[in-house]
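Trainee: I would like to go through this structure by question and answer.
Mentor: Go ahead; terms will be defined as they come up.

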Amino acid sequence: MRVVIRTDSSSAIGTGHVTRCLTFANALRNCGATVTFVCRDHSGNIASEIADNRFDVRLLPRCTGVKTSSANLYEGWLGVEQATDAVQTRDVVQSCGSVDRLVVDHYGLDESWESLLRPSVGGILVIDDLANRRHTCSALLDQNLQTDTAVRYLRLVPADCRLLNGPRFALLREEFHRTRLGASHSRFEVQRILVFYGGVDATNETVKAMTALQTLNYPNLQITVIVGPANAQREYIHKVAADDARFKVRENVSDMARLMAEADLALGAGGTTTWERCCMGLPTIITAVAENQISIAEQVARAGAAVYLGEPSDVSGPRLMEAVGELLTAPARLSSMSERASSLVDGLGTSRVVRALYEMQAQEAPV
């Protein structure tokens, strides 16, 4: 199978879309697929990480200034009009030969873009979780926990579109399922705290959390702080950690599953990392650092797997410490959160999505 993935990362977009697509791409490659990435050369992008994973990555020229519409406020993330992006992407697709699947993970793209690419590929898989625009695709993946799954994409996708909905399809690396098998999902005491607010952390939640945690009168705590590749406060974070022996700062993390399995409590954002934490049964205090994270955080909190504090403007240092303090003294609640988180995600979602793509290709093959 030959696959092209259209996704972006930047200081504004963050790194989550590229990260989950890399997970998907590695799983596809393990099954024999050839994968090419198409990304725009935005400021703060992590295209180098794609190349480090030995994938062909084609960069579209950097552009800015596109006006957003009321129908899709994320169009500004593209940097160009959808029609322009479609033509540029189509040129790359056609240079790759016969492309079996085009994977689209971008809030700034909808059916107008997809309709221009569809004649050039065997089929389109859209990765979405907003359900705020129409798509013309053969399959759609929404890995988030939703209460309206049955009708969420009604009238937004073709009638024959295959829907892959819910955390059972969460795109996690194989290491999470493997580590999960040997991990305990019963936390009764907080000794180790993990802090990670994404690859960019544009709202500076990491420093906020570290400053708050410094006030804890628990000298034996071990606090691991993960700094993403595009975090502008990297040097300051190291400086804050140097003043408190309980802190350890990690960069370029390659053992996230192990770190989550070893932690008793996490402080983090509400993006795709949510499903990694759930897979490890890790209770979390969540701040939604982007609009699209609000629904995820609300649903996971409603399921009893996390504490949701709100958006950055809602989360002060004292409010964060109040939430941490409540869990430090509530072992039964901590254990319940761990068990409920673990029940949401089993870590096999990526293999399910890969299998679905190959099944679709087999069904479309001529007899």
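Mentor: Helices (H or I, at least four residues) and strands (E, at least two) are DSSP runs, numbered from the N terminus. This is a predicted model, in which local features need pLDDT of at least 70 and side-chain atom pairs count only at pLDDT 80 or more, while totals for chains, interfaces and linings use all residues. Residues are numbered from 1 along each chain as its sequence is written, and side-chain values use heavy atoms, with hydrogens and water left out.

Trainee: How many helices and strands does the chain have?
Mentor: Counting the DSSP runs defined above, the secondary structure of the chain comes to 13 helices and 13 strands.

Trainee: What radius of gyration does the chain have?
Mentor: The radius is taken over C-alpha atoms, and the globule rule is 2.2 Å times the number of residues to the power 0.38. For 367 residues a compact globule would come near 21 Å, and the chain agrees, since its value is 21 Å.

Trainee: What percentage of the residues count as buried?
Mentor: Buried means under 20% relative accessible area, exposed over 50%, and partly exposed in between (1.4 Å probe, protein chains only). Of the 367 residues of the chain, the buried part is 56%.

Trainee: Which strand pairs with S6 over 4 bridges?
Mentor: Two strands pair if DSSP finds at least two bridges between them. Strand S5 (residues 124–127) pairs with S6 in the parallel sense over 3 bridges, and Ile-127 stands opposite Leu-141 in S6. The parallel partner joined to S6 by 4 bridges is strand S7 (residues 162–165).

Trainee: Which residues point the other way from Ala-139 and Leu-141 in S6?
Mentor: In a regular strand the side chains alternate between the two faces of the sheet. In S6 (residues 139–142) all four are buried, with Ala-139 and Leu-141 pointing one way and, the other way, Leu-140 and Asp-142.

Trainee: Is Arg-40 buried or exposed?
Mentor: Arg-40 is found in strand S2 (residues 34–40). Contact means heavy atoms within 4.5 Å, and beyond four places in sequence Arg-40 touches residues including Arg-6, Asp-8, Asp-85 and Gln-88. Its relative accessibility is 1%, so Arg-40 counts as buried.

Trainee: What is the length of the polar contact that joins the side chains of Arg-40 and Gln-88?
Mentor: A polar contact is a pair of N or O atoms within 3.5 Å; within protein, one must be able to donate a hydrogen and the other to accept it, and residues adjacent in sequence count only if both atoms are side-chain atoms. The side chain of Arg-40 also reaches the backbone oxygen of Leu-78 at 3.3 Å. For the side chains of Arg-40 and Gln-88 the value is 2.5 Å.

Trainee: Which residues does Gln-299 touch, not counting those up to four places away in sequence?
Mentor: Gln-299 is found in helix H10 (residues 294–302) and is buried, with a relative accessible area of 11%. Its C-alpha atom is separated by 8.8 Å from that of Asn-144, 155 residues apart along the chain. The residues in contact with Gln-299 are Leu-145 and Thr-147.

Trainee: How many disulfides are there, by the rule for them?
Mentor: A disulfide is a pair of cysteine sulfur atoms within 2.5 Å. By this rule the count is 0.

Trainee: Which cysteine sulfur is nearest to that of Cys-137?
Mentor: Cys-137 is buried, with a relative accessible area of 0%. Cys-137 is in no disulfide, and the nearest cysteine sulfur, 3.8 Å away, is that of Cys-161.
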